[in-house]
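Me: I'm new to this one. Can you walk me through a few spots?
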Amino acid sequence: MTTNLALGLPNTSSERIEGLDLIWLELTGKCNLECIHCYSDSGPHSPGDNVGTARWSSIISEAADLGASAIEFIGGEPLLHPDIFSLVRHAASLNFNIEIYSNLTFTREGFWDLVASEHVSLATSFYSCDKAVHDSVTNHSGSHDKTLHNIRQAIDKNIPVRVGIVDLSEEQDAEGTADFLTELGVSRVHIDRNRRVGRSGLEIQTNPIEDLCGQCATDRLAVSPDGWVFPCVFARWMTLGNVMTSSLQELLSSARLSDTRGTLRRSFADRDESSSPVISPSNCNPCSPDQVCNPQQGCNPFHSQHAAMCPCTPDSACNPQHNCNPWH
């Protein structure tokens, strides 16, 4: 008999447990920016962490016990969480592939030492080479220069960093911005379209599943600052349960998750393949709020530029022994 790790109660479920490889932990809803398209509607006045460090830590342990190998700390702005350093170290002790998705407008004392010593990869968003355009997206004057400074810091320190560009308007010059970042030394740059969720979700949609990339029918979950669990950070209307009342094992063995993944698989299978973005393994980046992943095109979390040497499959994280880890 297993135990409900959240409540300390017996778990008598005999259901088959669904897979888990990648988990997003949305540590806080608070953010120092207020981007016009934010998928989680985060900002300075958004709620913070209602899960608590102790429960986040136990979720990380549960995920490891269930076979997960990749973890992404997101927000809001994850660096605003007071205990993110200890949570990262805990994940590292369990041999997770770790990525922090930050706006990189600031760092904390010891941040660069942490990401280097624990082999943490970084991800951020960047909207335009034009300072005024970038800052108009973030609603924060000076954010362009701060983020760019820390992107350069990561490159100088040989810390893996990838950058997502959400294409919101022509004045951003998304292609030119991507070229600028590549010339700067960022090896993983991706341009994505705007997703109609969060502050971009005010438009009435007939089928919100159309805004999902196609990977969230597989072995990944996202946890919000309130403990609610979704198939991915974008599928916020598809609540699967709450980690404050259920263990990850219970959530993975629930009929709700099985039914939800089945619905997603059928929807993705019916989607016109010609409308799906083509992503080759050579330019595949980890799935994130800025990444369009397509399981039919060999894209999976923590796939790096060393794709030719990487025997990874779309449903598994890369094996660092095969040069697939961004730190290789």
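Predicted model: local features only at pLDDT ≥ 70, side-chain atom pairs only at ≥ 80, totals over all residues.

Me: OK, then is Trp112 buried or exposed?
Reply: Buried. Trp112 has a relative accessible area of 13%, and the cut-off is under 20%.

Me: How many aromatic pairs are there?
Reply: The count is one aromatic pair. The rings belong to Phe111 and Trp112, with centres 5.0 Å apart.

Me: Why is that pair edge-to-face?
Reply: The ring planes of Phe111 and Trp112 are at 70°, so the pair is edge-to-face. Over 60 degrees is what that label takes.

Me: And Phe111, buried or exposed?
Reply: Phe111 is buried, at 1% relative accessible area.

Me: What lies over the face of Phe85?
Reply: Arg108 does, 4.7 Å from the ring centre.

Me: New topic. Where is Ile74?
Reply: In strand β4, which covers residues 70-74. Ile74 is buried, with a relative accessible area of 1%.

Me: Which residues is Ile74 in contact with?
Reply: Beyond its neighbours within four places in sequence, the contacts include Trp24, Tyr39, Tyr101 and Val233. Glu26 is another one of them.

Me: How many residues apart in sequence are Ile74 and Glu26?
Reply: They are 48 residues apart in sequence. In space, their C-alpha atoms are 4.7 Å apart.

Me: Last one. Where does Ser253 lie?
Reply: In the loop between α7 (248-252) and α8 (255-270). Ser253 counts as buried, at 5% relative accessibility.

Me: What lies 3.2 Å from a polar atom of the Ser253 side chain?
Reply: The backbone oxygen of Glu250.

Key
Residues numbered from 1 in each chain as written. Heavy atoms only, no water. Helix = DSSP H or I, 4+ residues; strand = E, 2+ residues; numbered from the N terminus. Buried < 20%, exposed > 50% of the residue type's maximum accessible area, 1.4 Å probe, protein only. Polar contact = N/O pair within 3.5 Å; in protein donor to acceptor, adjacent residues only side chain to side chain. Contact = heavy atoms within 4.5 Å. Phe/Tyr/Trp six-rings, centres within 6.5 Å; stacked < 30°, edge-to-face > 60°. Lys NZ or Arg CZ within 6 Å of the ring centre and 35° of its normal.
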